[in-house]
Amino acid sequence: MNARAPLASPDIPPRDDAGAFHARLGRAAIASLYDELALEPKPGLVSFADAGSHDDMDGGTFLRSLFALRHFFVRVAAQGAREADFAPLEALGIEAEARMLHATGGVNTHRGAIFTLGLLCAAAGAARAAGERCDAANLRRVLLARWGDALASRARRALDTHGARAARAHGLRSASEEAAQGLPTLFDHVLPALRAARGAGADDRGAKLHALFTAMAQVDDTNLVHRGGLQGLRDAQRLARDFLAEGGGLRAEAAARAARVHALFVERRLSPGGAADLLAAACWVERVERLDVASR
Ligand SMILES: CC(C)(COP(=O)(O)OP(=O)(O)OC[C@H]1O[C@@H](n2cnc3c(N)ncnc32)[C@H](O[C@H]2O[C@H](COP(=O)(O)OP(=O)(O)OP(=O)(O)O)[C@@H](O)[C@H]2O)[C@@H]1O)[C@@H](O)C(=O)NCCC(=O)NCCS
Ligand SMILES: Nc1ncnc2[nH]cnc12
């Protein structure tokens, strides 16, 4: 037997090119969520250093959640490639939420990420199947063209969630509305901030802090409203704008300044989970643009 021959397993069917690409999209999603989790210090959020403003979860809870989600992102990318309507994507998303809750003992670690990154994986699967590049502009266009109408009618539905209640009470743009509009905060603000910071010479942590604080300054993070009311959201946005105005992630002292904001958030139990998801989504788009080019 040739010792270098690839091992064939009777249980695992060989992957075609599309299947291999969907697996890479899924791995990129898990790696990007890990990037977000591992970044520290970050305001009020869980990292491996501490649990921020949370008493029901820590870094280990997030790792269990990530392990439970590893197949979801691959499957949703494959559904996207099949020209799926919104309904099968939604069914996969609901199943993934159940897996997450099972893995974490009922704690919501990644509901927003399942939604936003799930849609992005589906859009990448669809773009690739149509022979188009998986770059930021195409991903946004495909998302809107394929599922924009369904997402808009979903956003109008009166859901009984923290996010929907906060959006109704204060006229905010919730996670569903962000998606229905083609993720404007991600594509117009957070991803450009990540790229600009890297281009200006920020190190990896500085660039990610720059992107995270940009997300906090821009998005109507309904988690902040749920914990701290409208005032909580506005104060968090102001602190984020101040951080950016003083040089953001480009300054040598960025981490020390982020640690001070972290302490203020923990004092008030604030946690910008929606902004954290947008950082992960920006890291995912960066990765996917690279792997799309490398696999052609
Ligand atoms: C469409 C849904 C995502 C529901 O969305 P909705 O806005 O109605 O409400 P929420 O259930 O409140 O969840 C939204 C989550 O999205 C993140 N988020 C918040 N604001 C925004 C925003 N403006 N733009 C984008 N994303 C946003 C946020 O998720 C992150 O934070 C969560 C952790 O927060 P934590 O502080 O622990 O909060 P809780 O445990 O909830 O409360 P307490 O601890 O304070 O008591 C974590 O999930 C992060 O990811 C919001 O939580 C969706 O549920 C849905 O419809 N799902 C079906 C699946 C589907 O259709 N999928 C589509 C194809 S894949
Ligand atoms: N690191 C984190 N901590 C708390 N909530 C989050 N939602 C998404 N990422 C999070």
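Me: At roughly what angle do the axes of α2 and α4 cross?
Reply: In this predicted model, helix α2 covers residues 59–68, and α4 covers 86–104. Their axes come within 8 Å of each other. The crossing angle is roughly 140°.

Me: Are α2 and α4 oblique or roughly antiparallel to each other?
Reply: An angle has to be over 145 degrees to count as roughly antiparallel. The axes of α2 and α4 cross at roughly 140°. That is why the two helices are classed as oblique.

Me: Is the crossing of α2 and α4 left-handed or right-handed, and which residues of α4 are met there?
Reply: Happy to take both parts. The crossing of α2 and α4 is right-handed. From α2 come Thr61, Arg64, Ser65, Phe67 and Ala68. By class, the residues of this contact are four nonpolar, four polar and two charged. On the α4 side, the residues met are Arg99, Met100, His102, Ala103 and Thr104.

Me: How are α1 and α5 oriented to each other, oblique or roughly antiparallel?
Reply: The axes of α1 and α5 come within 11 Å. They cross at roughly 150°, and angles over 145 degrees count as roughly antiparallel. So α1 and α5 are roughly antiparallel.

Me: Which residues of α5 meet α1?
Reply: α1 passes α5 in a right-handed crossing. α1 brings Ala18, Phe21, His22, Leu25, Gly26, Ala29 and Leu33 to the contact.

Me: How many residues of the contact of α1 with α5 are charged?
Reply: Ten residues of this contact are nonpolar and three are polar. The number of charged residues is one.

Me: How does α1 lie to α13, oblique or roughly antiparallel?
Reply: The axes of α1 and α13 are 8 Å apart. They pack at an angle of about 140°, and the crossing is right-handed. Because of that angle, α1 lies to α13 in an arrangement that is oblique.

Me: How many nonpolar residues does the contact of α1 with α13 have?
Reply: On α1, the contact includes Leu25, Ala28, Ala29 and Leu33. On α13, it includes Leu279, Cys283, Trp284 and Val288. The contact has one polar and four charged residues. Its nonpolar residues number twelve.

Me: Which element gives the largest share of the shell around ligand 2?
Reply: The residues around ligand 2 are Glu36, Leu37, Leu45, Val46, His54, Ser271, Gly273, Ala276 and Asp277. Two elements give two or more residues each, namely α1 (17–38) and α13 (273–294). By class, this shell has four nonpolar, three polar and two charged residues. The largest share, three residues, comes from α13.

Me: Which element gives the largest share of the shell around ligand 1?
Reply: Ligand 1 is surrounded by 35 residues, and the closest are Gly93, Gly112, Gly118, Gly163 and Gly273. The shell divides into ten nonpolar, 17 polar and eight charged residues. Elements supplying at least two residues include α4, α7, α8, α11 and α13. The largest share, six residues, belongs to α5.

Me: Which peptide bond is cis, and where is its proline?
Reply: Most peptide bonds are trans. The bond from glutamate 40 to proline 41 has omega near 0° and is cis. As for its place, proline 41 is in the loop between α1 and α2.

Me: What is the phi of glutamate 83?
Reply: Most residues other than glycine have a negative phi. Glutamate 83 lies in the loop between α3 (72–81) and α4. Although it is not a glycine, its phi is positive, at about 60°.

Me: What radius of gyration does the protein chain have?
Reply: The chain has 13 helices and zero strands. Its C-alpha trace spans about 60 × 45 × 35 Å along the principal axes. A compact globule of 296 residues would have a radius of gyration near 19 Å. The chain agrees with that, with a value of 19 Å.

Definitions and conventions:
Residues are numbered from 1 along each chain as its sequence is written. Chains are lettered from A and ligands numbered from 1 in the order in which they are written. This is a predicted model: local features need pLDDT of at least 70, side-chain atom pairs count only at pLDDT 80 or more; totals for chains, interfaces and linings use all residues. A residue is near a molecule or strand if its C-beta atom, placed from the backbone, lies within 6 Å of it. Helices (H or I, at least four residues) and strands (E, at least two) are DSSP runs, numbered from the N terminus. Ala, Val, Leu, Ile, Met, Phe, Trp, Tyr, Cys and Pro count as nonpolar, Asp, Glu, Lys and Arg as charged, and the others, Gly among them, as polar. Axes are lines fitted to C-alpha atoms, for helices over the stretch in contact, and angles run from 0 to 180 degrees between N-to-C directions. Angles under 35 degrees count as roughly parallel, over 145 as roughly antiparallel, 65 to 115 as roughly perpendicular and the rest as oblique. A crossing is left-handed if the near helix is turned anticlockwise from the far one by less than a right angle, and right-handed if clockwise. Two residues are in contact if their C-beta atoms, placed from the backbone, lie within 7 Å. The radius of gyration is taken over C-alpha atoms; the globule rule is 2.2 Å times the number of residues to the power 0.38.
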